[in-house]
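Hi,

Here is the structure I promised to send over.

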Amino acid sequence: MYEKRYGSIAPNQEQFEERKQHYRQLRDDFRAHPRAASELAAWKKQDNNYDYQLLETTHSYIIGNVASYDGRQYPAAVAGKRPEGQSFAHTLVIPKARVYNVVDPAAIADDCALLREMHAHFTAFWSAPSGDGREKMLARARRGVEDQDKKLLAAGTSSPAYEFVRDDVFAYFETTASAFKKLDIRDFVCAFHVFPDNSIGHLHMHVFPHPDRFRMHSTREYDWKTVPLEAVLDVEGVGR
């Protein structure tokens, strides 16, 4: 049974059903393309190369987002091209297998085994008694803020607007970090940007906290194309 726990991603059953239909239509369109199979075969021969790894298993990586989650650090960004993450400590889970997108038949093979493994990987990472996963995500989030701050200052592209809020950008991290470490796994969205609305040509699952306090300074520009894992599993007739 669907739970209303995705904030603006899918705040009610109606919008959850819309996300399911969005996935179903794009999946079917992709498979109907006459060159889809040959193009996938060519793409799968390429190599993987990932930085910012937080954890690795036999089947997948957990990768920290390179960009800062705080949109105030991108004063020159324009609508339609927002570079910041969708929430505080936005993270990705990426399979080692060469799978193009969630519409790739390989993604949903064997009752979506790969997608379920990706979700299980993050769940174990976040829920580890040591708290190591939480600390790694926080360290990567802080690094994103610090790196973007250095870029702005070094390049002389900082604006009066950013300089005015700069102290608050770092204060927001500190106050939000303590609340972040207390989150339950159910406070996270696990979702996909479905081809052709994806920005990266390799299957990856977006993972980020959905409560509003963690999205205050992050983009919501891509919420319309963010399809929760549960929606994909429902369409494919698989229970998680």
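Predicted model: local features only at pLDDT ≥ 70, side-chain atom pairs only at ≥ 80, totals over all residues.

**Overall layout**

The protein has six helices and six strands. If you walk along the sequence, they come in the order α-α-β-β-β-α-α-α-β-β-β-α. Of the 240 residues, 50% are buried.

In soluble globular proteins, nonpolar side chains tend to be buried together. Here the largest nonpolar core holds 53 residues, and Leu115 and Phe180 have the most contacts inside it. Two or more residues each come from α1 (13-32), α3, α4 (132-155), α5 (160-180), β4 (188-193), β5 (205-209) and α6 (229-235). The largest share is that of α5, with eight residues.

If you want to see what surrounds Leu115, bring up Val102, Ala107, Ile108, Phe192, Leu203, Leu229 and Val232; Leu115 is in contact with each of these, leaving aside its neighbours within four places in sequence.

**Asn101**

Next, go to the loop between β3 and α3 (109-127), where you will find Asn101. Is Asn101 buried or exposed? Its relative accessible area is 3%, and the cut-off for buried is under 20%, so Asn101 counts as buried. A polar atom of its side chain sits 2.9 Å from the backbone nitrogen of Phe195. Beyond its neighbours within four places in sequence, Asn101 is in contact with Ala107, His193, Val194, Phe195, Asn198 and Leu203. Ala107 and Leu203 also turn up among the contacts of Leu115.

**Ala77**

Ala77 is in another loop, the one between β2 (60-64) and β3 (91-95). Its relative accessibility is 24%; buried would need under 20% and exposed over 50%, so Ala77 counts as partly exposed. Not counting residues up to four places away in sequence, Ala77 touches Arg82 and Pro83.

So which residues would I click on while you have the model open?

Cheers

Terms used
Residues numbered from 1 in each chain as written. Heavy atoms only, no water. Helix = DSSP H or I, 4+ residues; strand = E, 2+ residues; numbered from the N terminus. Buried < 20%, exposed > 50% of the residue type's maximum accessible area, 1.4 Å probe, protein only. Contact = heavy atoms within 4.5 Å. Polar contact = N/O pair within 3.5 Å; in protein donor to acceptor, adjacent residues only side chain to side chain. Core = buried A, V, L, I, M, F, W, Y, C linked by side-chain atoms within 4.5 Å.
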